[in-house]
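These are my notebook entries on one structure. I record what I looked up, entry by entry.

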Amino acid sequence: MNVVIVGGTGFIGRNIAPVLAGGGHTVTIVTRNQRTASAVAGGDVHVREWDPSDWQTLEHTFQGQDAVINLAGAPVAERRWTPARKTVLRASRIETTRTIVTALSRLTTPVRPKIFINSSGVGFYGLETSDSVDEMQGPENGFLADLCVEWEREAFRATACGIRTTCLRISMVLGKDGGALQKMLLPFKLFLGGPISKGTQPVSWVHVEDLGRLVAAILEQPSYSGAINAASPHPVTMKEFCLQLGRTLGKPSWLPVPAWTLQIGLGELSTLMTHGQSVNPLMAQQLGFTFQYPDLESALSAILGTGK
């Protein structure tokens, strides 16, 4: 297939693009900075520049493509959720998705992509869930949940054009060259690792290679559509996550990070770390998807080079 990835230079995109290219797909990344993107994309991936505010710049790129994947969005956990930052987070997701769907709708059927995959997040389920949730669960309240609801609403407008649309509700993605895991490694290497707050909050996660394989399955199998949770079938508590990370690194996990210190430093953003979701990948498993890294031990061992 000919596949376009919007937002393909971030941590997830950098890992998914080579998986798809290695599977025989022709991959094109559209980006605001073609020079920077070319440096990280690799020789098997094409790069084109675009203006996120102008759907017309996307029409030529989308024309004749088989699928569009949207991974665009400013990092959620990069800084405090001030009113200005929330505006950036919303615009980079909702307005960008609206621009993409508008461009898709302007194309005629013979040259219009048949598949649209839009990223979303497990924040759809709120930040207070301890019971297992799946795609049958409705949204909760709160900034992230509201953001995901609006984000998905814009994406699913593509179905009116006859485009098979999937919203991937992505959990914490584990990989070698970025993401939350890389930020957690330094304290452990300095023997200062430990759980955040009480450590009882659930942590849903997915190995980046499984995420790439799930995206490939959505592209290749027409049965995949609607909302799909991108999460391992075995979530853990924060304490269990840190204990396993410590064991994998051969370091202790003994120094809890009090919730109040995060609240002082991060404000509302701290709830992302002191609360969590226990997410079940019901739809993916019902559709026959098999996780290569279903448990945290195998995932961390593969990522950190300790697997046998």
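How are α6 and α8 oriented to each other, roughly parallel or roughly perpendicular? I found that α6 and α8 are roughly perpendicular to each other, since they pack at an angle of about 65° with their axes 11 Å apart. In my scheme, angles under 35 degrees count as roughly parallel, over 145 as roughly antiparallel, 65 to 115 as roughly perpendicular and the rest as oblique. The axes are lines fitted to C-alpha atoms, for helices over the stretch in contact, and angles run from 0 to 180 degrees between N-to-C directions.

Entry: basis of the values. I note that this is a predicted model, in which local features need pLDDT of at least 70, side-chain atom pairs count only at pLDDT 80 or more, and totals for chains, interfaces and linings use all residues. Residues are numbered from 1 along each chain as its sequence is written, and side-chain values use heavy atoms, with hydrogens and water left out.

Entry: the chain as a whole. I counted twelve helices and 13 strands in the protein chain; these are DSSP runs (helices H or I, at least four residues; strands E, at least two), numbered from the N terminus. Of the 308 residues, 49% are buried, where buried means under 20% relative accessible area, exposed over 50% and partly exposed in between (1.4 Å probe, protein chains only). I also looked up contacts, that is, heavy atoms within 4.5 Å. Among those between residues at least 6 apart in sequence, 77% join residues at least 24 apart.

Entry: α6 and α8 in detail. Helix α6 covers residues 179–189 and helix α8 residues 238–249. On the α6 side I listed Leu181, Met184, Leu185 and Phe188, which meet Phe241, Cys242, Leu245, Gly246 and Leu249 in α8.

Entry: α1 and α7. The axes of these two helices come within 9 Å and cross at roughly 55°. α1 and α7 are therefore oblique to each other. The contact is made by Ile12, Asn15, Ile16, Val19 and Leu20 of α1 with residues of α7 that include Val208, Leu211, Val215 and Leu219.

Entry: the largest nonpolar core. Such a core is a set of buried Ala, Val, Leu, Ile, Met, Phe, Trp, Tyr and Cys residues joined through side-chain atoms within 4.5 Å. The largest one has 34 residues, of which Ile5, Leu20, Leu168 and Leu214 touch the most other members. Among the elements that each supply at least two residues of this core are β1 (2–6), α1 (11–22), β2 (26–31) and α7 (208–220). α7 gives the most, with eight residues.

Entry: Ile5 and Ala17. Beyond its neighbours within four places in sequence, Ile5 is in contact with residues including Ile16, Ala17, Leu20, Val27 and Ile69. Ala17 lies in helix α1 and counts as buried at 2% relative accessibility. With the neighbours within four places again set aside, Ala17 is in contact with Ile5, Val27, Ile29 and Val45. The C-alpha atoms of Ala17 and Asp44 are separated by 8.9 Å, although the two are 27 residues apart along the chain.

Entry: Phe124. Where is Phe124 found? I located Phe124 in the loop between β5 and β6. Phe124 is buried, with a relative accessible area of 6%. Phe124 and Arg169 are 45 residues apart in sequence and 7.6 Å apart in space, C-alpha to C-alpha.
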